[in-house]
Amino acid sequence: MTRQSFLAFPGYTGAVDVATADVDGDGARDLIVGTLIGADHVKVFSGADGTLIRSFFAYGGFAGGVSVGSADVDADGRADVVVGTRTGADHVKVFAGAGGGQIRSFLAFGGFTGGVTVAGSGRDVVVGTATGSTHVKLFTGGDPAALARSFFAFDGATTGVSVGATDLNGDGVTDILVGTATGTSHVKAFNGSGATMLSFFAFPGHTGGVSVAGDGAGLLVGAANTGPAHVKRFDAAGNLGLSFIAFQNFNGGADVG
């Protein structure tokens with residue numbers, strides 16, 4: 001059942017990136033939306049009633065698009081908004097859920113120009129290379145000095161990655177979800193020690209890549225970039241639970257958050 005349906009950026013015709021988290025502290029998960037191309041506009045909408053909570057330009061007019069995620073970086077009990085430059089740079093910023101002020105700003109891969117994708121869970125921020133490689137990093141507290149994990153999710157691949165984060169196995173440690181951004185629909189999940197928990201192709205035959213997101217004790221996967229807006233939910237063991245088309249008669253793929 002559709003809970004809300006609206007145009008996040010009226011008049012904008014590009015794709016968007018999405019994430020969900022309780023930004024305003026009312027107990028309902030809010031919707032974070034960022035323009036994937038042409039602008040760096042980010043909006044947060046109330047999960048309770050759909051009203052606009054916040055609207056800002058993350059990089060003061062950057063035209064390369066953004067990726068969005070969330071994590072309680074400052075540990076105040078409110079989800080903070082994580083933003084990464086989708087093309088041209090590897091700049092990551094974090095904006096406080098309480099007040100909206102910038103609390104982190106860093107280059108995740110030391111000046112990489114291929115863009116990044118971002119996600120978060122707990123206080124951890126996960127960043128992946130959007131193009132050129134499959135490099136993934138996890139920063140505790142969104143702090144570049146607190147790099148906890150750094151690895152290549154798909155050895156030798158140059159597809160770029162989408163990233164997600166959740167405590168998939170319930171051990172209290174952030175698990176990292178990674179999907180190929182182009183070429184295949186390969187999805188992997190890595191536990192806190194770096195071991196591969198899951199590895200599967202979410203949409204056999206789909207060559208547009210996938211979008212991934214954590215969903216508590218499961219994960220959401222969207223068939224990205226091209227074709228029907230197909231979304232699937234898998235449990236922690238990789239078993240398919242839900243499968244549906246998010247937007248009928250739309251052939252631009254789906255982003256999940």
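## A walk through an all-strand chain

Asn-239 lies in the loop between S19 and strand S20 (240-245). Strands here are DSSP runs of E of at least two residues, helices are runs of H or I of at least four, and both are numbered from the N terminus. The model is predicted, so local features need pLDDT of at least 70 and side-chain atom pairs count only at pLDDT 80 or more, while totals for chains, interfaces and linings use all residues. Residues are numbered from 1 along each chain as its sequence is written, and side-chain values use heavy atoms, with hydrogens and water left out.

Asn-239 is partly exposed, at a relative accessible area of 45%. The classes are buried (under 20% relative accessible area), exposed (over 50%) and partly exposed (in between), with a 1.4 Å probe and protein chains only. Beyond its neighbours within four places in sequence, Asn-239 is in contact with Arg-233 and Phe-234. Contact means heavy atoms within 4.5 Å. Ala-21 lies elsewhere: its C-alpha atom is 25 Å from that of Asn-239, and 218 residues separate the two along the chain.

A salt bridge requires a side-chain nitrogen of Lys or Arg within 4 Å of a carboxyl oxygen of Asp or Glu. A search of the whole structure finds 1 such bridge. Asp-215 is partly exposed, with a relative accessible area of 30%. Arg-233 is also partly exposed, at 23%.

Thr-207 is exposed, with a relative accessible area of 55%. Leaving aside neighbours within four places in sequence, Thr-207 is in contact with Thr-182, Gly-183 and Thr-184.

Val-73 sits in another loop, between strand S5 (66-71) and strand S6 (80-85). Val-73 is buried, at 0% relative accessibility. Phe-139 is 66 residues from Val-73 along the chain, and their C-alpha atoms are separated by 9.8 Å.

Now the whole chain. The secondary structure comes to 0 helices and 20 strands. The radius of gyration is 16 Å, close to the 18 Å that the globule rule gives for 257 residues, so the chain is as compact as a globular protein of that length. That radius is taken over C-alpha atoms, and the rule is 2.2 Å times the number of residues to the power 0.38. Along the principal axes, the C-alpha atoms fill a box of roughly 45 × 40 × 35 Å. Of the 257 residues, 52% count as buried. Residues 24 or more positions apart account for 43% of the contacts with a separation of 6 or more.

The chain exposes about 10600 Å², and carbon and sulfur atoms supply 54% of it. There are 14 positive and 21 negative side chains, and the centres of the two sets lie 4 Å apart. Lys and Arg count as positive and Asp and Glu as negative, leaving out His and the chain ends.

Key: Accessible areas come from the Shrake-Rupley method with a 1.4 Å probe; for residues, only the protein chains shown count as cover. The place of a charge is taken as NZ of Lys, CZ of Arg, CG of Asp or CD of Glu.
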